[in-house]
Amino acid sequence: MLRRAGPSLRHFLLERNSGAGHSSCSREAKMSRPLQARRLEGIDKNIWVEFVKLAATYSKVNLGQGFPDFPAPDFLTEAFSRALSGGNHMLHQYTRAFGHPPLVKVLAQLFEKLLGRDLDPMTNVMVTVGAYQALFCCFQALVDEGDEVIIIEPFFDCYEPMVKMAGGTPVYVPLRPNPPKDGRLMSSADWQLDPAELASKFSERTKAIVLNSPNNPLGKVFSRGELGLIAELCVKHDVLCISDEVYEWLVYDGKQNIRIASLQGMWDRTVIIGSAGKTFSATGWKVGWAVGPDRLLQHLRTVHQNSVYHCATIAQEAVAQGFQRELTLYGKPESYFVQLPKELQQKRDWLVQSLDSVGMKPIIPEGTYFLVADISQFKSDVPDVPNSDEPYDSRFAKWMVKNKGLAAIPLSAFYSEAHKNNYTNFIRFCFAKVEDRKVDWRRWKQERKAETKKWKELKLLKKLEKQRMRELAEQQAQTQEEQKEDRGRQHTLSVALPGSILNNAQSLELRTYLAGQIARACAIFCVDEIVVFDEHGEDVKSVEGDFEGIGKKGKACVQLARILQYLECPQYLRKSFFPKHEDLQFAGLLNPLDSPHHMRVDEDLEYREGVVLDRPTKPGRGSFVNCGMRKEVQIDKQLNPGLRVTVRLEEPQNPEAKVRKGTVVSSHHPRAVSGLYWGYSVRLASCLSAVFAECPFKEGYDLSIGTSERGSSVDQVTLPSFRHALVVFGGLEGLEAGIDVDPKLEVTDPSVLFDFYLNTCPGQGSRTIRTEEALLISLSALRPHIEKAVKTPGDS
C-alpha cells in the first residue's frame, strides 16, 4: 500500500488562491526591511566607477587611473613563468595563510635593513591580497565603534569608507598649499600641515592616524621634521599609526623617503603597508603586505584568516624572487628600485612641461607617479551646469575626457565632503604611462591662444629619451671604467726609412707593390708612426697638392707616403681623403692591412674612424660623422666638414634611433686606453736629422735603434724601458748615405746617432737584404726585446 506523501496539487492550488491577499501582505512586509547593513550607508558611491566608464568611452589617453601601462620587469615575469611551469607542483596549492615563507623571509630581511632592527618573518610580516586588503585588515582589526581616526587630506579615497565600515569616525586635517613667492612652479613640498591644527585633532578618542608618504594624489614626501611632529603626537596620546608606504621606492630629485616606524617610539605603534604592484609595476598581481610588531599584527591575522585567508601562491613566489634580486643589488645602479624612479622622473618632467605649455600650473611631485595640476585658468572653457552643486574640477575632468580625449581625476574626490569645495581647482594625472601615448596639446593652445605645434611634444619626448639614454650610457661607462683593468698600451713604436727604396723598382706596379709590403709589415708589428725621409736631402715636407711625374728621381718619398696613407685609411673613408691620383692607380690591387680600425659595416666595436659631414646642425648639438655604418653618428663637438676623426661610440644605443651617438677622442685613445692597434701615422722628413728634430712627441724618442750589418748582434741586446721607440733603416747604400748629404750632421759614423746600432740578421746568407725584407726581419727580431722592455719598470 502506497503512503500519501502530502497534500494533492489541487489542494495546494486552492489554498494558494484563497490566501493570496495574506501572502501579498507578507511579502510586502519583508521587502520593506533594509537589505544592506548599516555600515554600508553613505559609502556606496565611488568616483572610480563613473570615471573609469567615461575613460573607456571617450578617452584616447587615460592618465586617470593609477597603474603603469608598461610591462613589469623581465626578471619578475620570468620568475612568474618559472613558478607557473616549473617542476614544483606545490606552488599550485595553498601555501602558508599569512604569507608564503620565501616572501615573508625576504621582506623581513629587506625591512631589517630599512628600519635598522631585527624582524621575525613569521610574526612581523603578513602577506595580503594587495595593499588594499592590508588596509582593510588594519581598520577592521584595530578600529572599534566610537574610535576616531585622523586622515590627512588629500587622501586615497578608500581610507574614509574603511574607517566608517569598522565603526570609526574619520577626523580630517588638510595639507595647506603655501605657493612660492618667486614665481616658480609649486612643489608638493609646498603643501604642509599646520602643527597647531594637527595637534588639535588628537583627543582621548583618537585611536589611529593614517599616514600616506609618498602621498597619493599629491606626490608629497613627508620630511623628517613633519614625521617627527606626527610621531611626537602619537607617542603623547598613545595613538597608532597606519603608514601607507606603497610608493616608497618612487621618490625623485634626490629626496629621501623616511619611514616613520624608524623614528623613536614608533615601531611598537606602527603598521607599515606595502605593495608589490607599485614596487614592481605589476598592480594586477595583487600582492601586498603589512609589517609591524606582533602585538598589532596578531589582530590583523585574525581578520585575514576569517576573510581572505590565503593569497595566490605563484604570485608570492615570483615576488619573493624579485625581492631577492633587489636585496642583492640594493643601492646599485642596476637595481630596479634605482632605475624605475629615474625613468618615472623623466616622464614626470615631460608631463610638467606639457601641462605648463597649455596653461595649467602643475605641482611638481616629490614621489609617486601622480601629478596634480591647477586648472583655474580654464574656467571660461567649461560651461556651467545650472542648479548643480558638482565641483568645478569634476565638471572639468568630464569636459576634458569628452572634448579632448584625455582622462584625469578631480582632486576634490580625495577630500571629505566638508572640505572638497575648498579644493576644486585641481585635477590629478598619472604619468606612469609609455611615452608614445602623446596628448594632443596643440589643439588646446589653438583654442586658447596661438597654440604650439604638436611636433614640440615629439621633440620634448625625444629630448627626454635622449637624456635618459645619455645618463644610462654615462652610468654604464663609469661602471665599466671602474671595473675594468687598464688595458691600454702607453708605449709607441716608430719606423723611419728612406723613400729612395722605391727607385730600385723597375716599374710603377712594382713600386706600388713594394710600398704595400712596407705597409703590411708595419701593420703586422703594430707600428704607430712611419717616417719617410729623403736621404738625398731634398726639402719635401708634405704629401698634399699636385705632384709632377711618377717614378722620377726625387719624387719617391711623396709617392711612398701617399700609398702608405692610402692603405692605412679605412676603405669607406678613402673617397673623402684621396682624390684620383696617378700614384694610386695600382693601389687598389694591394693586399689590405685588415687592421682593427678597418671594420665592416655591421661590425661592432667601441671605436670607429670617420669623416665629419657637411650637414647643418644647431649650435651646441655637435656634428654628424660618417663612420662606415648603416647609421650616421652624432658627435659631441662642432667640427669642420671633411675632418677625419676617431669616435668612441656610446652604449647602449637605442635601436630605433635614426643616428648613433659618439664622442670624439684623440687618434691615440684606442691604443692608450683600450690597448687596440689603431693604424699608423705617416710623416715626411727632409733629411735624416729631421727624423729626430721633428718628432711629434713632446719628450722626443727616448729609445733609438739603427739597423746595419755593421752593428752589434741583436741576440745579445737588452733594451731599457721606454715610451717612444724609433727604429731607423737605411736604403741601398745604408745609413751612411743619409749622413753624407745631411748638412746638420757632422758625424761620419752613423752608430753615434743611436742608443743601439744593431745587426738584426747576423750571419745572413745573402750579400744584401732589401729594405722591405729588413723591415720584417728586424721587427720580428726586436719584438721579444721590446715586449720585455715595456714590461720592465723604469722612470722613462
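Trainee: Which residues cover the one side of β16 and which the other, and are they buried or exposed?

Mentor: Thr492, Ser494, Ala496 and Pro498 lie on one side, Leu493, Val495 and Leu497 lie on the other, and all are buried. Buried means a relative accessible area under 20%, exposed means over 50%, and partly exposed is what lies in between, with a 1.4 Å probe and protein chains only. Both faces of β16 therefore hold residues under that 20% limit. Before we go on, this is a predicted model, where local features need pLDDT of at least 70 and side-chain atom pairs count only at pLDDT 80 or more, while totals for chains, interfaces and linings use all residues. Residues are numbered from 1 along each chain as its sequence is written, and side-chain values use heavy atoms, with hydrogens and water left out.

Trainee: What makes β16 a strand, and how many of its residues are buried?

Mentor: Strands are DSSP runs of E with at least two residues, helices are runs of H or I with at least four, and both are numbered from the N terminus.

Trainee: How do you know which strands pair with β16?

Mentor: Two strands pair if DSSP finds at least two bridges between them. β16 and β25 (residues 724–728) have 5 bridges in the parallel sense, and 5 bridges also join β16 to β17 (residues 529–533), again parallel. Each count meets the requirement of at least two, so both are pairs.

Trainee: Why are β23 and β26 called edge strands?

Mentor: The open sheet has 6 strands in the order β23-β17-β16-β25-β24-β26, with parallel pairing. β23 (681–685) and β26 (756–759) each have a single partner strand, so one side of each has no neighbour in the sheet. The twist averages 30° from one strand to the next.

Trainee: What makes the unit of β16, α17 and β17 right-handed?

Mentor: A crossover is right-handed if, with the strands pointing away from the viewer, the path from the first strand over the helix to the second runs clockwise. The β-α-β unit of β16, helix α17 (residues 508–524) and β17 is of this hand. So is the unit of β3, helix α7 (residues 159–165) and β4.

Trainee: Why are α6 and α11 described as they are, and at what angle do they pack?

Mentor: Two packed helices are described by the angle between their axes and the distance between the axes. Axes are lines fitted to C-alpha atoms, for helices over the stretch in contact, and angles between N-to-C directions run from 0 to 180 degrees. Under 35 degrees counts as roughly parallel, over 145 as roughly antiparallel, 65 to 115 as roughly perpendicular, and the rest as oblique. α6 (residues 130–142) and α11 (residues 294–305) pack at about 105°, with axes 8 Å apart. The pair is therefore roughly perpendicular.

Trainee: How do you know which kinds of residue make this contact?

Mentor: Contact means heavy atoms within 4.5 Å. Those taking part include Ala134 and Cys137 of α6 and Leu296 and Val303 of α11. Ala, Val, Leu, Ile, Met, Phe, Trp, Tyr, Cys and Pro count as nonpolar, Asp, Glu, Lys and Arg as charged, and the others, Gly among them, as polar. The residues of the contact divide into 8 nonpolar, 4 polar and no charged.
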